[in-house]
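Have the model open while you read.

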Amino acid sequence: MRTDVVIIGGGPAGLATAIAARQRNLKAVLIDARTPPIGKPCGEGLLPEAVEALANLGIRLDSSGAPFAGFRFTDEKSSASARIGRGRGVGLRRKVLHRLLADRARELGVTLLWGARISALDSRGVSVGGELFPCTWLVGADGQRSSVRRIARLEPRRRHHFRFGFRRHFAVAPWTDLVEVHWGERCQMIVTPTDAEEICISLFSSDPRLRMDCALAQFPEVAARIRGARPVSREAGAVTALSRARAVARGNVALVGDAACSVDAVSGQGLSLAFQQALHLADAMAHQDLSEYERAHLRIFRPAVRMTRLLLWMNASSALRRKVIRLFASRPGLFANMISVHTGESAPESFRAAEVLGLGWRVLWA
């Protein structure tokens with residue numbers, strides 16, 4: 001059965017690409033060896049850009065999840081807060097998000113092949129269970145170890161920057177309408193509201209042996225808030241990385257989501273990038289010109305990398321991190337500017353390398 005687009009990978013990036021393709025009247029087949037509901041350990045916060053992209057895909061989150069209004073950075077010495085000026089963020093369980101995307105894809109007529117094993121794969125098409133699906137476009141949405149990326153010879157040139165993330169939910173009402181980022185010794189604990197009576201706690205660290213119960217000793221404020229609270233999910237972990245494929249398109253093959261690029265989960269920008277990629281890629285396929293997608297991807301990826309590197313720089317040195325948060329606390333306008341770029345409210349140009357360098361000089365005097 002010939003189709004316009006075959007998408008390998010049924011996570012949020014793949015489903016979003018399938019939905020966007022159908023909105024442009026392209027026939028889409030999505031293939032994944034897993035079966036729904038599909039989850040992934042992550043911070044579960046959707047930035048305003050992600051919420052807006054979902055609305056463009058026909059998915060509104062008016063009654064799903066828990067809205068949040070900004071961010072708070074805190075450590076043992078200082079605390080800085082900034083609110084989102086335009087749009088809203090939403091904390092949402094990953095499995096709920098996946099169900100919404102899968103339902104929307106099914107509604108639009110995407111052929112969804114769950115639990116399917118691929119017997120042959122190349123740029124001309126895919127064979128599943130003896131059935132051949134030749135295609136005009138092949139999309140890899142199959143994660144950091146992408147098979148599509150490998151056959152297209154688009155593996156990253158540089159070694160990945162790896163860290164480890166762990167996530168657990170607790171039955172406790174959110175105590176703030178902000179996403180809290182608590183900084184410890186080369187690790188971060190992030191608290192995101194996911195429901196009126198539930199929070200998600202995520203831990204990110206370069207130490208694969210560090211677990212949430214042990215790490216809580218570094219975060220007494222969080223520990224006090226959840227003391228006696230009932231865990232409502234198991235602790236689950238995943239690798240998080242800052243990496244980028246050699247290119248996001250070659251011939252008739254394109255990459256989206258973590259197959260194309262990934263940013264350290266502390267930035268919270270992974271899903272925002274994936275949904276924006278899906279929309280741009282669908283436009284490029286409809287116009288039969290993947291160079292459009294390559295240019296758009298570069299525009300949206302650069303500021304995300306810039307912000308991620310800043311956050312990882314703060315993680316690398318306790319002394320520098322303390323100075324940065326102290327500076328943000330004393331100069332809230334600077335922190336608000338960073339958050340406005342981070343959430344897509346301001347243009348990336350307002351936080352270019354020159355400002356990061358200026359921030360470095362200010363930190364030295366903080």
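1. Start with what is tucked away in helix H3: Arg94, Leu97, His98, Leu100, Leu101, Ala102, Arg104 and Ala105 are buried (under 20% relative accessible area with a 1.4 Å probe, protein chains only; over 50% would be exposed, in between partly exposed). Helices here are DSSP runs of H or I with at least four residues, strands are E runs of at least two, and both are numbered from the N terminus.

2. Before you go further: this is a predicted model, with local features needing pLDDT of at least 70 and side-chain atom pairs counting only at pLDDT 80 or more, while totals for chains, interfaces and linings use all residues. Residues are numbered from 1 along each chain as its sequence is written, and side-chain values use heavy atoms, without hydrogens and water.

3. The cover over those buried H3 residues includes helix H1 (12-23), strand E3, helix H2 (48-56), strand E8 (111-114) and helix H7 (270-286).

4. H3 itself (residues 94-107) has 14 residues and reaches 20 Å from first C-alpha to last, close to the expected 20 Å (1.5 Å times one less than the number of residues). Just after H3, look at Gly109, which has a positive phi of about 95 degrees.

5. E3 also belongs to an open, antiparallel sheet of three strands, ordered E3-E7-E4 (strands pair if DSSP finds at least two bridges between them). E3 (45-46) and E4 (66-68) are the edge strands with a single partner each, so one side of each has no neighbour in the sheet. E4 and E7 (residues 89-91) pair over three bridges, and Pro67 has Val90 of E7 as its bridge partner.

Conventions:
Contact = heavy atoms within 4.5 Å.
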